[in-house]
Amino acid sequence: MMRYNFQQNETGAFGLISRYTQDKVFNQISHILSRIPGRITPKALKRILRIAEGLDRDREYSHEIEGLRRAIEGDHPYLRFFDLIGKKSLPCREKLFRNFFINAVFNGNKIREDFYRRHRISRPFFFVISPTMNCNLRCLGCYAGNYPRKENLSREVIDRILEDARAMGIYFVTVSGGEPFCRKDILDLFRTHHDIYFQVFTNGTLIDSDLASEISRLGNIAPVISCEGFEEETDHRRGKGTFRRICEAMDNLREAGVIFGFSTVPAAYNYSTLLNEAYYEFLVEKGALFGWLFQYIPIGARPEPKLMLTANQRLTLYDKVRAVRNAYPLFIADFWNDGPYVDGCLAAGRTGRGYFHVNCDGDVEPCVFVHFAVDNIHRIYERGGHLWDALDSEFFRTIRAGQPWNSNHHMPCMVIDNPHCLRNAVEATHPYPTHEGAETLISDPALSSHLDRYSEALACLWTERDVSACHMETVPPEPSTWMKACTETTNSIS
Ligand code: SF4
């Protein structure tokens, strides 16, 4: 068996699982995943399952492990995901395993528990940081478009934030913006914090073959490329020529062996494309392994309620996403509709799967869609505090105390599904709006009544369904034509 050596990690996080054990586990998994071309056998997958069970001594991730077991038993199409991971570059595979699964998931969980015992503050799994709002595009309805574009977090402050994150047990960080690759020091940041796994939301237009190769060499970055459908929808929202450029970016990343995903904003203008399986086939063939759907929500200085999906459309898309998951090796996270997987709203650094957002100006927001804050990281550091102090504000505590906002986790959101809850939290704790016009969400009566009507309509539709029927789709239907063709091709290679 080929053996790999790891760099020493100076943070001490690995003390929880010995280096010897980690190397042994990684070598086993890497050996399994490197058996390409060809499909990974159910026997090999069961070995991965046993390894995961061994690491999850506290059964914190038993639900996820059980989902994987059922998937193996049902020969679910998304198991092909493991074949695809095996084709990625060694640093990308190594960092996915070491940074994400070991540091963020398993060891991170223990650090988070220790952190809680010491500080008695909520312990989220991750956070989003927007190091810059500069961007080379001007997209229609961009939630970030109202922040001042010249604001940047200094490198010194970002380093300090990431140090605090480690102390909190957070080793999974999402980078948003703005366009992160507009920052000249962004690769150096990822290089310096090589024990953290970064998911980077990007418009993709700056990812040429050189940048893709460097991302592949570093391994701890999973780019998520914004794509609104095919050429017509993408260029409509993001500007002419953007679709062609992101196709090139995906080709560059695939050829460099990078693990990457896509992000799509379902809205009125691309709804019909998102119901068409050709879109998901395109993404899989481009090499995306996972993706996010963030439905358009009317926030910012110029909210456009007419761009939102209707309640009916949201449920139709809900069904479509579940069908796609059963047919393609593509992990799609349907941000609002997937509330049941994470027990509802994640905002304000909720313990468990929760998160928060540090924006480019240093304001600490409950989530990327809630543009209110009471704390700013610069003020916190000026008084000698830490990142986690922001989790203990009355604003954040009020939000966490109200979660989940209702018993139907398919309607988790305090912005669009339970708008009165956000209004109440703002009224009770008086946060400041983090950019001009952010308060519109609360203060504009027409917008408030639109969201009230929307959420009532959605609640009515859900009462007609069995809301408790929310679980992983692990029993596959007949494989799609695409899946059959793929399997035949892979078998013929092996
Ligand atoms: S407020 Fe809405 S968007 Fe933000 S974490 Fe909660 S459910 Fe998600």
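Helix α12 spans residues 277-286. Its buried residues are Tyr279, Tyr280, Leu283 and Val284. They sit on the same side of α12, because they cover an arc of only 130° around the axis. Here, the arc is that of the directions from the helix axis to the C-beta atoms. A residue is buried if 20 or more other C-beta atoms lie within 10 Å of its own, exposed if 12 or fewer, and partly exposed in between, with C-beta atoms placed from the backbone. Helices (H or I, at least four residues) and strands (E, at least two) are DSSP runs, numbered from the N terminus.

What do the buried residues of α12 pack against? Their partners are β5 (261-264), α11 (271-274), β6 (290-293) and α13 (311-325). The face turned away from the buried side carries the exposed residues Ala278 and Glu285. Just after α12 comes Gly287, with a positive phi of about 110°.

## The model as a whole

This is a predicted model: local features need pLDDT of at least 70, side-chain atom pairs count only at pLDDT 80 or more, and totals for chains, interfaces and linings use all residues. Residues are numbered from 1 along each chain as its sequence is written.

The protein has 19 helices and 12 strands. It has 494 residues, and 44% of them count as buried. Two residues are in contact if their C-beta atoms, placed from the backbone, lie within 7 Å. Take the contacts between residues at least 6 apart in sequence: 76% of these join residues at least 24 apart.

## Helices α15 and α16

Helix α15 covers residues 394-402, and helix α16 covers residues 419-429. Their axes come within 9 Å and cross at roughly 145°. Axes are lines fitted to C-alpha atoms, for helices over the stretch in contact, and angles run from 0 to 180 degrees between N-to-C directions. The crossing of α15 and α16 is right-handed. A crossing is left-handed if the near helix is turned anticlockwise from the far one by less than a right angle, and right-handed if clockwise.

Which residues make the contact? From α15 come Glu394, Phe395, Thr398, Ile399 and Gly402. From α16 come Cys421, Ala425, Ala428 and Thr429. By class, the contact has 5 nonpolar, 3 polar and 1 charged residues. Ala, Val, Leu, Ile, Met, Phe, Trp, Tyr, Cys and Pro count as nonpolar, Asp, Glu, Lys and Arg as charged, and the others, Gly among them, as polar.

In α15, Phe395, Phe396 and Ile399 are buried. Seen down the axis, the buried residues of α15 fall within an arc of 95°, so they line one face of the helix. Their cover includes α16. Pro404 lies in the loop between α15 and α16. A cis peptide bond joins Gln403 to Pro404, with omega about -10°.

Phe198 belongs to strand β3 (residues 197-202). It counts as buried because it has 25 C-beta neighbours inside 10 Å. Leaving aside neighbours within four places in sequence, Phe198 is in contact with Val173, Val175, Phe190, Asn220 and Ile221. Phe198 and Asn220 are 22 residues apart in sequence, and their C-alpha atoms are 6.0 Å apart in space.

Met133 lies in the loop between β1 (126-129) and α6 (155-168). Is Met133 buried or exposed? Met133 is buried, because 24 other C-beta atoms lie within 10 Å. Met133 and Glu179 are 46 residues apart along the chain, and 6.7 Å separates their C-alpha atoms.

## Backbone details in loops

Gly178 sits in the loop between β2 (172-175) and α7 (186-192). A cis peptide bond joins Gly177 and Gly178, with omega about 15°.

Arg120 is in the loop between α5 (90-119) and β1. Arg120 has a positive phi of about 55° although it is not a glycine. With 9 C-beta neighbours inside 10 Å, Arg120 counts as exposed. Asp343 lies in the loop between β7 (331-334) and β8 (357-358). Phi of Asp343 is positive, near 60°, in a residue other than glycine. Asp343 is partly exposed, because 15 other C-beta atoms lie within 10 Å.
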